[in-house]
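Here are my notes on the model you sent over, point by point.

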Amino acid sequence: MARRKEQVILMESVSKIRLWILQEGRSIRSVARATGLSRNTIKKYLKDDNPPSYQRQAPPARHKLCDGFDTRLQELFEQDQKRPRRERRTAVRLYEQLVSEGYTGSYSPVQRFVRDLKRADAGSGEAFIPLHFAAGDALQFDWSEERVVLGGVEQKVKVAHFRLCHSRKPFVVAYPGESQEMVLDAFVRALSFYGGVPRRVIIDNPKTMVTYVSRSKDRVFHPRFLALMNHYVMEPVACTHASGWEKGQDHREAPLVAPPDSGID
């Protein structure tokens with residue numbers, strides 16, 4: 001699990017480097033200064049869509065809150081949010097409270113946990129994303145469930161919906177399910193249909209694309225989906241959970257296109 005997480009982090013870094021250079025036009029020298037990587041390493045990332053794997057000799061020790069102290073810490077934090085700001089306890093004070101209740105771990109995991117809670121709380125207020133998109137800026141994607149007739153029998157199918165955010169040009173394709181192979185195939189077909197690649201792709205949080213959402217709302221994208229984004233040099237942007245309005249457009253009005261040999265009439 002730790003090795004896979006390291007590989008995902010490395011892939012995300014490679015994707016960011018490729019976006020900076022291939023999409024934003026930054027120089028290799030400036031990216032080398034910003035990242036601390038050598039120019040040869042950056043050139044290698046530009047030539048290869050798939051970053052090299054990395055194997056740590058021994059996994060790093062990273063202590064976590066356990067024995068219910070994570071739940072207790074969250075309760076203490078939520079209690080403090082109801083108090084005036086100047087009366088709220090710092091991470092140190094919360095740590096001391098846990099110690100008085102039997103916590104024997106170090107301060108670091110408490111500090112990290114409180115930091116994540118603060119970030120999540122800061123982002124919990126209502127916010128609205130500007131819905132004006134420049135040409136070539138973004139492509140939005142979502143699934144819907146429809147009913148079709150196959151061989152005279154009505155069945156359910158999953159439909160992948162795409163829409164360019166600037167021109168609102170749609171593309172849809174139907175599949176028997178929402179497996180990852182179908183997700184990747186749908187994107188390849190959509191980009192071929194549009195004849196170009198946008199800067200960003202706006203999605204929800206399906207498990208075929210997003211494997212984890214932290215308390216601070218950071219996303220960990222699935223390695224295979226991230227590899228697809230890396231190959232086409234696109235930036236994936238996941239909407240806030242249950243906030244589909246962030247896409248800003250109703251994109252389920254396009255005519256249905258089925259993959260070859262699907263049997264869908």
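1. Accessible areas here come from the Shrake-Rupley method with a 1.4 Å probe. On that basis the chain exposes about 16,100 Å², and carbon and sulfur atoms account for 50% of that surface. Keep in mind that this is a predicted model.

2. If you take the contacts between residues at least 6 apart in sequence, 60% join residues at least 24 apart.

3. Now the rings. A pair of aromatic rings is described by the distance of the centres and the angle of the planes. The count for this model is 13 aromatic pairs. In one of them, phenylalanine 69 and tyrosine 103 have ring centres 5.4 Å apart and planes at 70 degrees; edge-to-face needs an angle over 60, so this pair qualifies. Phenylalanine 69 belongs to helix α4 (residues 69-81), while tyrosine 103 sits in the loop between α5 (91-100) and α6 (107-122), so the contact ties together parts 34 residues apart in sequence. Both phenylalanine 69 and tyrosine 103 are buried.

4. Another pair worth a look is phenylalanine 162 with phenylalanine 187, edge-to-face at 5.0 Å centre to centre and 90 degrees between the planes. Here a strand meets a helix: phenylalanine 162 is in β2 (residues 153-164) and phenylalanine 187 in α7 (residues 180-194), so parts 25 residues apart in sequence are tied together.

5. In soluble globular proteins, nonpolar side chains tend to be buried together. The largest nonpolar core has 26 residues, and those touching the most other members are Phe141, Ala160, Phe162, Phe187, Ile203 and Met209. At least two residues each come from β1 (138-150), β2, β3 (170-175), α7, β4 (200-203) and α8 (223-232). Which element gives the most to this core? That is α7, with seven residues.

Key:
Residues numbered from 1 in each chain as written. Predicted model: local features only at pLDDT ≥ 70, side-chain atom pairs only at ≥ 80, totals over all residues. Heavy atoms only, no water. Contact = heavy atoms within 4.5 Å. Phe/Tyr/Trp six-rings, centres within 6.5 Å; stacked < 30°, edge-to-face > 60°. Helix = DSSP H or I, 4+ residues; strand = E, 2+ residues; numbered from the N terminus. Buried < 20%, exposed > 50% of the residue type's maximum accessible area, 1.4 Å probe, protein only. Core = buried A, V, L, I, M, F, W, Y, C linked by side-chain atoms within 4.5 Å.
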